[in-house]
Amino acid sequence: MKRLILFLFAAMLMLNLSAQQKLTPELLWKFGRIAEFKASPDGKSVIYSVRTTDLKANKSVTTVYRLPMSGGLPVIIASPEDAVSSMRFTPDGKKISYLSSKSGSSQLWEMNPDGSGKAQVSNITEGVDNLIISPDMKHILYTQDILVDKKDPKLYEGLDKASGKVFDALNYRHWDTWSDGTYRHVFFADYGNGKVLASQGQDIMSGQRFDAPLKPMGGDEQLGWTKDGKKIIYTSKKETGTEYAISTNSDLYAYDIATGSTENLTSENK
């Protein structure tokens, strides 16, 4: 289904381009960029987002559509004002869960498959990212950046306008972000009846100087639940400093939410 939609979209672009004398940057930015394909558990519909760019406002906006698998016209179920990201059907197929910063911070929201009944589900301190509901719908997992190393090295102690930093070892930077003592950790919290009651979940990597998902570009594709909803699977590279910088040996870990124990599933795979 995904390949068919992408093919049809590409064909539409080619037909549009055939009427143009040349492809300009302005014309390219008018094309909608399709992302986040998700099929419903019953296989009857697919949801996807289309991101378009307003050149004058210098910003992008996202609209969410639902399309029947049997064919027909797509229906808008979320507008740019809803600020939807990371959408997916709930495991029972009755709702669409998504992240939105509409209330001021990134939180879990849900809506009916037809786009009605949009409601905020979580109110977690500092917001959430990479959120996934467990298959048994009893828990959620999510990530937050947590300050573990309290000291942020700066050049010239006491000069608050200085922007330089002093590092005496690797790893000192991720892509475009300095290593400032914060690490991306995985949390879980109770979920039930369409609500997350806790204002903060449990950090399954508490105190660890490791990231999950991997920085700088890892996302929820590196996170998941076992089918019974009892364990969280996550990707991490549990090295620090220079050893971290020169290693590509990430591993899959399984965290048991009942016992609090963690198992390296890929320790022999280097």
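1. Terms for exposure come first. A residue is buried under 20% relative accessible area, exposed over 50%, and partly exposed in between, with a 1.4 Å probe and protein chains only. Arg 209 has 38% relative accessibility, so this residue counts as partly exposed.

2. The basis of the model needs stating. This is a predicted model, in which local features need pLDDT of at least 70, side-chain atom pairs count only at pLDDT 80 or more, and totals for chains, interfaces and linings use all residues. Residues are numbered from 1 along each chain as its sequence is written, and side-chain values use heavy atoms, with hydrogens and water left out.

3. Now the overall build. The protein chain holds 18 strands and three helices. Both kinds of element are DSSP runs numbered from the N terminus: helices are H or I with at least four residues, strands are E with at least two. The chain has 270 residues, and 34% of them count as buried.

4. Contacts and surface follow. A contact means heavy atoms within 4.5 Å. Take the contacts between residues at least 6 apart in sequence: 45% of these join residues at least 24 apart. The accessible surface of the protein chain is about 16,100 Å², and carbon and sulfur atoms account for 52% of that surface. Such areas come from the Shrake-Rupley method with a 1.4 Å probe; for residues, only the protein chains shown count as cover.

5. How many salt bridges are there? The count is five, where a salt bridge is a side-chain nitrogen of Lys or Arg within 4 Å of a carboxyl oxygen of Asp or Glu. One of them joins Arg 184 and Asp 145, at 3.6 Å from N to O. This pair links distant parts of the chain: Arg 184 sits in strand S13 (residues 182-190) and Asp 145 in strand S10 (residues 139-147), 39 residues apart. Arg 184 is buried because its relative accessibility is 14%. Asp 145, at 48%, is partly exposed.

6. Asp 149 pairs with Arg 209 in another salt bridge, at 3.1 Å from N to O. The two are 60 residues apart, and both lie in loops: Asp 149 between S10 and strand S11 (173-174), Arg 209 between strand S14 (202-203) and strand S15 (223-225). Asp 149 has 22% relative accessibility, so this residue counts as partly exposed.

7. Lys 215 and Asp 211 also form a salt bridge, with their closest N and O atoms 3.6 Å apart. Are these two residues buried or exposed? Both are buried.

8. Next, the largest pocket. On a 1 Å grid over the protein atoms alone, a pocket is an open set of points where a 1.4 Å probe fits, with protein on both sides within 12 Å along at least five of seven lines; lining residues have an atom within 4 Å of a point. The largest pocket contains about 630 Å³ of space. Its lining has 28 residues, with Asp 149, Asn 171, Ser 179, Gly 181 and Tyr 183 nearest the centre. S13 gives the most, three residues.

9. The second largest pocket has a volume of about 190 Å³. Among its lining residues are Lys 38, Arg 88, Phe 89 and Ile 132. Strand S1 (33-39), strand S5 (84-89) and strand S9 (129-133) each give two or more residues to this lining.

Conventions
Points joined across faces, edges and corners; volume = space filled by probe spheres on them.
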